[in-house]
Amino acid sequence: MKRNIDNMVHVMVRPGVDLSKLCSSDSPMCGSIGRLIAKAVLDGNGQALVRLKDIRMAIDTTDGVNALLDNFDLTDPLTQSPLLFALLKDL
């Protein structure tokens with residue numbers, strides 16, 4: 001299945017993060033979408049392409065933002081630049 005890379009985010013686990021715990025029911029990740037992102041990264045051996053809309057849902061709360069940014073690096077899949085930089089460069 002080919003994915004539209006323009007609507008994806010490259011998610012990589014940070015060193016020392018326990019992905020198994022992030023996928024579990026007592027995960028600090030907010031909501032089920034946070035655990036699904038962690039599962040995708042676990043299945044991808046530490047990295048995965050995740051839909052941008054899933055990232056948006058995962059950062060619905062401050063706790064969600066903190067959990068995502070504490071455990072993962074998010075980059076633009078085309079340029080490999082940090083996602084925040086990629087979002088701000090066109091402003």
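## Basis

Helices, as named here, are DSSP runs of H or I with at least four residues, and they are numbered from the N terminus. The model is a predicted one.

Helix α2 covers residues 31–43. Asp-43 and Lys-39 make a salt bridge, with 2.9 Å between the closest N and O atoms. Because the two residues are four apart in helix α2, about one helical turn separates them. Lys-39 has a relative accessible area of 38% and is partly exposed.

## The other salt bridges

The search of the whole structure gives three salt bridges. Side chains of opposite charge can pair when their charged atoms come close. Arg-14 is bridged to Asp-73, and the closest N and O atoms lie 2.9 Å apart. This pair joins distant parts of the chain, 59 residues apart: Arg-14 sits in the loop between β1 (8–13) and α1 (19–23), while Asp-73 belongs to strand β3 (residues 72–75). Both ends are partly exposed, Arg-14 with a relative accessible area of 33% and Asp-73 with 30%.

Asp-54 forms a salt bridge with Arg-51, where the closest N and O atoms are 3.0 Å apart. Are the two partners buried or partly exposed? Asp-54 has a relative accessibility of 10% and counts as buried, because the cut-off for buried is under 20%. Arg-51, at 39%, counts as partly exposed.

## The sheet

Three strands form an open sheet in the order β2-β1-β3, and their pairing is antiparallel. Which strands stand at the edges? They are β2 and β3; each has a single partner strand, so one side of each has no neighbour in the sheet. From one strand to the next, the twist averages 30°.

Strands of a sheet pair through backbone hydrogen bonds, either parallel or antiparallel. Here β1 and β2 are paired in the antiparallel sense over five bridges. Val-9 is placed opposite Val-50 of β2.

## Helices on the sheet

Helix α2 lies across β1, β2 and β3, and runs at about 140° to β2. Helix α4 (residues 62–71) also packs on the sheet, where it touches β1 and β3. The direction of α4 makes about 90° with that of β3. Strand β3 thus has contacts with α4 and also carries Asp-73, the partner of Arg-14.

## Positive phi in two loops

Asn-45 has a phi near 55°, a positive value in a residue other than glycine. Asn-45 is located in the loop between α2 and β2 (47–51). With 74% relative accessibility, Asn-45 counts as exposed, because exposed means over 50%.

Gln-80 likewise has a positive phi in a residue other than glycine, with a value near 65°. Where is Gln-80 placed? Gln-80 is in the loop between β3 and α5 (83–88). The relative accessibility of Gln-80 is 42%, which counts as partly exposed.

Technical notes: Residues are numbered from 1 along each chain as its sequence is written. This is a predicted model: local features need pLDDT of at least 70, side-chain atom pairs count only at pLDDT 80 or more; totals for chains, interfaces and linings use all residues. Side-chain values use heavy atoms; hydrogens and water are left out. A salt bridge is a side-chain nitrogen of Lys or Arg within 4 Å of a carboxyl oxygen of Asp or Glu. Buried means under 20% relative accessible area, exposed over 50%, partly exposed in between (1.4 Å probe, protein chains only). Two strands pair if DSSP finds at least two bridges between them. Axes are lines fitted to C-alpha atoms, for helices over the stretch in contact, and angles run from 0 to 180 degrees between N-to-C directions. Contact means heavy atoms within 4.5 Å.
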